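Please view the sequence and structure before reading on.

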Amino acid sequence: MTQSKVLNLMVNYRKNPVGIDDPNPRLSWQIQAQARGFIQSAYQIQAGCDPAFGAEAGLVWDTGKVNADSSVHIGYEGETLLPRTRYYWRVRIWDSEDNASVWSEAAYWETGQLSEQNWHASWITAASAPGQPVVSSDSCDYFRTAFELPDRAVSARIYATSLGMYRLYINGVPADDTQFNPGWTSYNKRLQYQTYDVTQLLTAGENALGCIVGNGWYKGYLSWDGNKDHYGRQRAVLIQLHATLADGTEQMLISDGSWRTSSGPLLMSELYHGEIYDARLEMDGWASPGFAEHQWQPAVLTEAPPATLVAQENEPSRIIETIKPIAVLNTPAGETVLDMGQNLVGWVRFTVDAGAGTEITLRHAEVLDRDGNFYTGNLRSAKQTVKYICRGGGPETFEPHFTFQGFRYVQVTGVPQEQLLEQFTGCVIHSDLELTGSFRCSDELVNQLQHNILWGQKGNFLDVPTDCPQRDERLGWTGDAQVFIRTAAFNMNVVPFFEKWLRDLAADQEADGRVPHVIPDIPAAGYGSSAWGDAAVICPWTLYQCYGDVRVLEEQYPSMKGWVEYIRAQGDQEFLWNTGHHFGDWLGLDAKENSYIGATPKDLIATAFFAYSTELLVKTAEVTGQPEEAEKYRQLQSNIIRAFREEFVTPNGRVASPTQTAYAVALMFDLLEEKDRPRTAAMLAEHVKENGNHLTTGFVGTPYLCLVLSRFGYTDLAYELVLQKEYPSWLYSVLQGATTIWEHWDGIKQDGSFWSDDMNSYNHYAYGAVGDWLYRIAGGIELIEPGYKKIRIQPQPGTQLSWAEASYSSIYGPVKSAWSRQADGSLELSVEIPANTTAEVIVPDGCQGQITEGGEKLDQVTGVIAVEDNAGGRKLTVGSGSYRFTLNKSAD
Ligand code: BGC
């Protein structure tokens with residue numbers, strides 16, 4: 001009998017989420033099995049309001065025994081869920097011999113408001129004089145109210161949101177540690193509200209609630225156009241508290257005209273520009289009971305915004321880690337500068353002890369110039385400056401509220417130098433996504449590259465996937481997100497993060513299917529570029545691939561189809577896309593002088609992505625059970641491919657535009673006839689070699705280059721590219737001291753000068769898309785079936801490395817592939833496969849000799865289901881468990 005245990009119960013990818021408004025949440029669990037080769041044969045789920053699952057009658061759902069191996073994304077199908085209710089659930093499973101596990105420990109999810117009808121609070125806005133709403137003040141709004149509770153609360157929740165960015169306080173302390181609420185959505189269509197468990201913060205007797213609201217994305221400066229008020233002119237809040245007392249009665253408190261408002265010490269807060277805080281204006285106890293609020297104005301009722309209120313969909317942003325500065329620098333220009341040792345996104349927290357009125361200024365920058373001076377040219381108009389005016393009278397600690405900075409260096413004025421290292425701390429803020437992957441190998445520079453990729457992701461996964469976190473941009477550029485999503489999905493669990501963003505994409509898509517360049521959309525940005533708009537199709541498909549959850553495809557299907565139909569309607573040729581504005585192979589190195597756009601023809605790229613998105617739409621239609629749609633788009637796909645060949649491939653099968661990106665996309669998207677592929681791959685390889693093992697690709701070609709080389713047998717060349725130290729290459733920036741991925745291959749040139757100020761980010765994840773190749777090819781973790789239900793372990797050890805190790809925490813559990821060369825020429829391969837999945841292990845070339853596992857011959861090894869030798873090499877089929885294979889050299 002095999003022993004198994006059910007653990008890591010998750011609801012919509014989260015453990016015990018509170019405040020979700022999904023009528024059919026998706027339940028997943030993982031299985032710990034003692035023996036190898038574990039497959040679940042059946043499961044039973046029970047859900048109810050009683051954590052002890054006492055009386056049968058108390059259950060809202062009992063699946064009974066379901067004969068299926070499904071253990072992820074099982075949609076709740078019990079009784080209709082009630083608002084603001086906690087549901088406990090548990091699972092047991094059966095193994096292949098029909099032995100039942102014990103019940104898992106109970107987990108839970110808690111619903112939020114579920115419907116607009118459950119909101120009783122009023123939208124309120126701050127007042128400058130009685131009845132006069134504040135409209136255009138820089139200074140942030142403070143709100144408060146006080147209320148009595150006859151007894152202690154046994155359970156209390158606040159549901160809150162704002163127009164602008166808000167922070168909530170209960171009895172003087174922050175309601176929780178989340179930042180930048182309500183997050184950034186297409187505010188006039190969808191507005192998130194947050195749920196706070198404030199049970200522990202309330203007391204019997206008098207309580208107070210406070211809230212600060214700043215401009216944030218809603219009303220602050222956004223983009224390079226210098227405009228603010230993109231979504232509306234007035235900041236406002238909506239707050240509703242439900243407290244259940246010991247006797248079972250419920251008390252409700254809502255925002256209304258009885259609340260009081262004021263300005264306060266937070267004189268300015270802007271995402272790009274920083275903050276000004278005058279601590280002399282602090283109002284002690286403003287969010288606590290007993291505060292003399294008579295000088296505050298009554299709040300003004302205001303109209304509800306047009307948006308639909310939705311419960312927070314993605315993980316909140318938080319201070320995820322803190323970093324101490326590594327040095328204080330005195331620059332040649334006489335500046336005092338802190339070096340954090342890492343280009344990070346967040347802010348600086350500091351403690352000072354200075355007289356009242358002392359001004360402390362922090363300016364933030366990513367790099368120093370070649371003379372070692374503080375450099376902010378690349379920030380364009382973003383000021384990234386925090387000004388703090390001391391209150392005096394003892395140590396005081398400050399950190400900003402509604403702004404973030406992208407920086408490694410901080411220029412500080414107003415603080416004695418000897419206090420800097422000790423009293424300043426970098427706070428790293430991003431969406432609190434679970435880290436799921438790691439890649440390491442024998443080359444330290446490549447390990448630094450992986451570090452830089454991960455930090456690029458941390459810095460730019462701040463509520464929405466942004467291009468960069470420092471200059472006056474920080475926008476959800478679709479192209480960048482699309483090229484990076486597969487790598488991102490190795491490093492972190494990105495599903496709720498992207499689900500939210502894709503809902504905004506669909507919300508901002510026009511009726512004709514066009515996709516804005518940035519999501520959430522802003523007027524300055526425009527729409528409709530190939531490879532950017534294709535994010536509408538590529539991102540949901542990638543999520544489905546990596547997590548196996550069909551719901552994202554069902555939900556996004558109209559948006560995906562809308563984009564493909566938009567393209568079809570462009571220009572006068574149905575199957576070619578040769579009109580409109582495109583970013584092409586953005587920043588490709590083969591661009592003409594003074595152009596940002598690489599040499600690969602834009603219509604070739606546009607038509608290639610048209611074909612690719614259509615192919616993914618066909619697959620999506622199949623997976624979501626729409627055979628007629630699939631057939632219709634299969635026709636379209638083959639017509640596009642035919643048109644692509646007629647237009648961009650010579651009659652003899654040569655890709656007419658001899659660029660790396662043209663070859664890479666044609667091969668990656670299977671646009672060439674079978675017979676022409678090897679030759680094209682050879683031409684690509686030749687192109688790379690002729691360039692001295694250098695790439696020439698931009699945003700579009702770079703993610704595919706190494707993957708395509710490996711697929712067609714040029715893995716050694718792909719390694720040459722990845723290990724290339726000379727410019728242009730990934731390691732060039734590493735050797736220049738980069739700690740994140742740069743926007744340009746030569747953000748800092750060999751002579752120490754910069755790429756021009758107007759577009760030079762040092763934290764731009766797009767080229768970090770090579771992480772995908774590190775995990776899949778160098779590490780060897782590949783999926784065969786969506787969600788890694790079936791896995792392929794196929795490392796392709798390069799001669800240049802002696803070992804590599806990739807691990808990935810899949811929805812089923814940990815996957816690992818680690819190889820190392822041994823002195824006798826054999827290869828050790830450690831593999832971990834999670835329960836309820838199977839894997840194929842493809843033995844690398846040159847290791848076709850005898851194979852043992854833990855010293856045993858394969859036919860003796862439990863868990864190894866089959867061994868096949870065929871033209872592609874040797875393949876082992878294995879069940880779940882950990883294995884340590886020794887792969888011996890081929891017999892000579
Ligand atoms: C952004 C890019 C983006 C591009 C569009 C830039 O300003 O930073 O990453 O994709 O514009 O071409």
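The points below cover the ligand site, the cavities and the cysteines in turn.

This is a predicted model, in which local features need pLDDT of at least 70, side-chain atom pairs count only at pLDDT 80 or more, and totals for chains, interfaces and linings use all residues. Residues are numbered from 1 along each chain as its sequence is written, and side-chain values use heavy atoms, with hydrogens and water left out.

**Ligand site**

- The residues around the ligand are Asp-467, Arg-471, Glu-473, Trp-477, Asp-480, Trp-532, Phe-583, Trp-586, Phe-699, Glu-743, Met-759 and His-764 (a heavy atom within 4 Å of the ligand).
- By class, this shell comprises six nonpolar, one polar and five charged residues (Ala, Val, Leu, Ile, Met, Phe, Trp, Tyr, Cys and Pro count as nonpolar, Asp, Glu, Lys and Arg as charged, and the others, Gly among them, as polar).
- A polar side-chain atom of Glu-473 is placed 2.6 Å from a ligand oxygen atom.
- For Asp-467, a side-chain N or O atom lies 2.7 Å from an oxygen atom of the ligand.
- For His-764, the distance from a side-chain N or O atom to an oxygen atom of the ligand is 2.8 Å.
- The protein buries 95% of the 310 Å² that the ligand exposes when taken alone (Shrake-Rupley method, 1.4 Å probe).

**Cavities**

- There are three cavities of 30 Å³ or more (on a 1 Å grid over the protein atoms alone, sets of points where a 1.4 Å probe fits but cannot get out).
- The largest cavity holds about 60 Å³ of space (a volume is the space filled by probe spheres set on the points, which are joined across faces, edges and corners).
- Ser-729, Trp-730, Ser-733, Ile-741, Trp-742, His-744, Trp-745 and Tyr-767 line the largest cavity (an atom within 4 Å of a point).
- This lining has five nonpolar, three polar and no charged residues.

**Cysteines**

- The structure contains zero disulfides (pairs of cysteine sulfur atoms within 2.5 Å).
- The sulfur of Cys-539 is too far for a bond, because the closest cysteine sulfur, in Cys-546, is 11 Å away.
- Cys-539 is buried, at 0% relative accessible area (buried means under 20%, with a 1.4 Å probe and protein chains only).
- Cys-706 is also buried, at 2% relative accessibility, and its sulfur is 13 Å from the closest cysteine sulfur, in Cys-441, too far for a bond.

Conventions
Polar contact = N/O pair within 3.5 Å; in protein donor to acceptor, adjacent residues only side chain to side chain. 1 Å grid on protein atoms, 1.4 Å probe; cavity = no way out; pocket = protein on both sides within 12 Å on 5 of 7 lines; lining within 4 Å. Buried < 20%, exposed > 50% of the residue type's maximum accessible area, 1.4 Å probe, protein only.
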